[in-house]
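Please read it alongside the sequence and model.

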Amino acid sequence: MLTQLINGRILTPQGWIKDGSVLISNGKILEVTNSDLAVIGAKVIDVKGMNIVPGFVGMHIHGGDGRDFTECTAEAFECATRAHLKHGTTTILPTLSSTSIENIKKGAEVCENVMASNKIINGLHIEGPYLNPKMASAEWADILKEPVKEEYMDLVENSSCIKRWDISPEVKGGHDFGRYITSKGILAAITHTEAEFEEIKEAYNSGFTHAAHFYNAMPGFHKRREYKYEGTVESVYLMDDMSVEVIADGVHLPSTMLKLVYKLKGVERTCLVTDALKYSAFDGEINDSKYIIENNVCRLADGSSLAGSLATMDNLVWNMVNKAGVPVEDAVRMASETPARILGIDSCKGTLQKGKDADIVVLDNNMNVRCVFSYGEIVEGTNTLINKIL
C-alpha cells in the first residue's frame, strides 16, 4: 500500500518544505518532495497545511497509563508504550528506575521478549541503582549500592537490549563502570550526582557523555564556608561535547532555564525527555499513597521533592515553543533528531528522509498532535483525530 501525505509543511534536515508531500511504502519513507500532486494509486491524506514532523524519541520514560516498567511484565511494557505512542512518541526506551539487580535482569528479559513483536521499543534504559545516596530518593535507600563489576558485567553480557545506563559517577567504581558499558556500545549518563568539575571531567573521560534530567538531582553553583564552588550544572556546561536532557514539562524547570539550556548547549546537544511516571497519559482515578498529585504536578507523599513528570512528549514540544520561545523546528528536533543521534539510531529514526522508518506526527499550528503514523500505519486512537481534520 502506497500512502501519500499532501499539502503539509514538512520538517526536513534541510528545513521546512511548504505544500509538499511524503510518500510512504512498506513502513518506510519512499520520498519527501516539494510537490503535493497526488500520486496515482496512492491513498492520499490531505493534512491541510499542518506540520508534518518526525516521530518523537522518548529516551527517558518510566511508565504510562497506570503501568510502570519496573513491574517487569509484558503487559506493563505494552500498555505504557501504547499510551505514549498516541502522543507522538514513536520510539521508546523503557526506563527502569532504581530497583534490584534481580528485577533489572527480569526487566531486560521481558524487554527483549516484547521487542520481538513491538517495534516501538528500541531498547532498555536503566537508572541506578549505583547512585549517590545523598542525591537519590529516600524510597530507594535499601536498594542503592556501589557498582559491582561481576554483577553489571553479567547483566550486560547476557542481555542484548540495554541501550543506556545512568549512575552517579562519583560512587566508588563509577569510572570503571563507565569505561566498561561504553565499550559495549551503551550510552553512559550521569544522574543523581553532586560531582564538581574535576569529577565531571574524569567521568567524561571515562565515557559519561550525557547528563540525565539536567538541573534536577544535581547541584549548581554553591558555597562551602567562605569559598565558592562550581556545581554539576556549571561543570556540564563546560564540557562542550557532553549532551543533556531536560524535563520540559513546565514544572521541573522554569522557562528561563529551558531558554538557557537551549542557548548554551544548543539543539545538537539538548534532548527533551518526560521522565514520565506511570500516571502520565492516564485517564483513570489516581489513589496512590506514594505521591501527591495536584494540578498535574506529582510530588513525593512527604512533599519533599518532585517525583517525575506526568507529561508526554507532545507536551514538551508545546512548552518549548509556547513557554520558552524556541522555534518549532528546534523544539521538534530536540524531541526527535537529537535523541535519535545520541542513541545511535539516527540511520532509521529522528528525521523525515528517504529510506527511514515512516514514524511521523502531524501537528496543528498550536502544536497539538492530530495524527501519528508508526511504520507508515495510523496509530489506533489517533485516526479519529485525522478523520476530523482531513
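**Pockets**

Two helices, α1 (74–85) and α8 (313–322), each contribute at least two residues to the lining of the second largest pocket. Helices (H or I, at least four residues) and strands (E, at least two) are DSSP runs, numbered from the N terminus. A pocket is defined on a 1 Å grid over the protein atoms alone, as an open set of points with protein on both sides within 12 Å along at least five of seven lines, and lining residues have an atom within 4 Å of a point.

This is a predicted model, in which local features need pLDDT of at least 70 and side-chain atom pairs count only at pLDDT 80 or more, while totals for chains, interfaces and linings use all residues. Residues are numbered from 1 along each chain as its sequence is written, and side-chain values use heavy atoms, with hydrogens and water left out.

- The second largest pocket holds about 500 Å³ of space; a volume is the space filled by probe spheres set on the grid points, which are joined across faces, edges and corners.
- Its lining has 24 residues, and His-87, Ala-281, Ala-311, Asp-314 and Asn-315 lie nearest the centre.
- With four residues, α8 gives the most to this lining.
- The class count for the second largest pocket is 11 nonpolar, seven polar and six charged residues; Ala, Val, Leu, Ile, Met, Phe, Trp, Tyr, Cys and Pro count as nonpolar, Asp, Glu, Lys and Arg as charged, and the others, Gly among them, as polar.
- The largest pocket has a volume of about 640 Å³.
- Of the 30 residues lining the largest pocket, Glu-139, Trp-140, Leu-277, Ala-307 and Gly-308 are the closest to its centre.
- The lining of the largest pocket divides into 11 nonpolar, 12 polar and seven charged residues.

**Cavities**

- There are two cavities of 30 Å³ or more in the structure; a cavity is a set of grid points where a 1.4 Å probe fits but cannot get out.
- The largest cavity has about 50 Å³ of space, and its lining includes Pro-54, Thr-90, Cys-348, Asp-357 and Asp-359.
- Four nonpolar, five polar and three charged residues make up the lining of the largest cavity.
- The second largest cavity has about 40 Å³, with Asp-249, His-252, Asn-296 and Gly-308 among its lining residues.
- Five nonpolar residues, four polar and one charged line the second largest cavity.

**Overall form**

- The chain has 11 helices and 22 strands.
- Its radius of gyration is 21 Å, close to the 21 Å that the globule rule gives for 390 residues, so the chain is as compact as a globular protein of that length. The radius is taken over C-alpha atoms, and the rule is 2.2 Å times the number of residues to the power 0.38.
- The C-alpha trace spans about 70 × 45 × 45 Å along its principal axes.
- Of the 390 residues, 57% are buried; buried means under 20% relative accessible area, exposed over 50%, and partly exposed in between (1.4 Å probe, protein chains only).
- Among contacts (heavy atoms within 4.5 Å) between residues at least 6 apart in sequence, 67% join residues at least 24 apart.

- Seven of the 10 residues of α8 are buried, including Met-313, Asp-314, Leu-316 and Val-317.
- The buried residues of α8 pack against β6 (56–61), β9 (89–96), α7 (255–265), β17 (270–273), α9 (328–335) and β21 (369–374).
- Ala-301 sits in the loop between β19 (297–300) and α8 and is partly exposed, at 37% relative accessible area.
- Leaving out residues up to four places away in sequence, Ala-301 touches Ser-289, Lys-290, Tyr-291 and Ile-292.

**Backbone details**

- Most residues other than glycine have a negative phi, and most peptide bonds are trans.
- The peptide bond from Gly-128 to Pro-129 is cis, with omega near 0 degrees; Pro-129 lies in the loop between β10 (124–127) and α3 (149–157).
- Asp-65, in the loop between β7 (63–64) and β8 (67–68), has a positive phi near 55 degrees and is partly exposed at 31% relative accessibility.
- His-213 has a positive phi near 20 degrees; His-213 is in the loop between β13 (208–211) and β14 (222–224) and is buried, with a relative accessible area of 3%.
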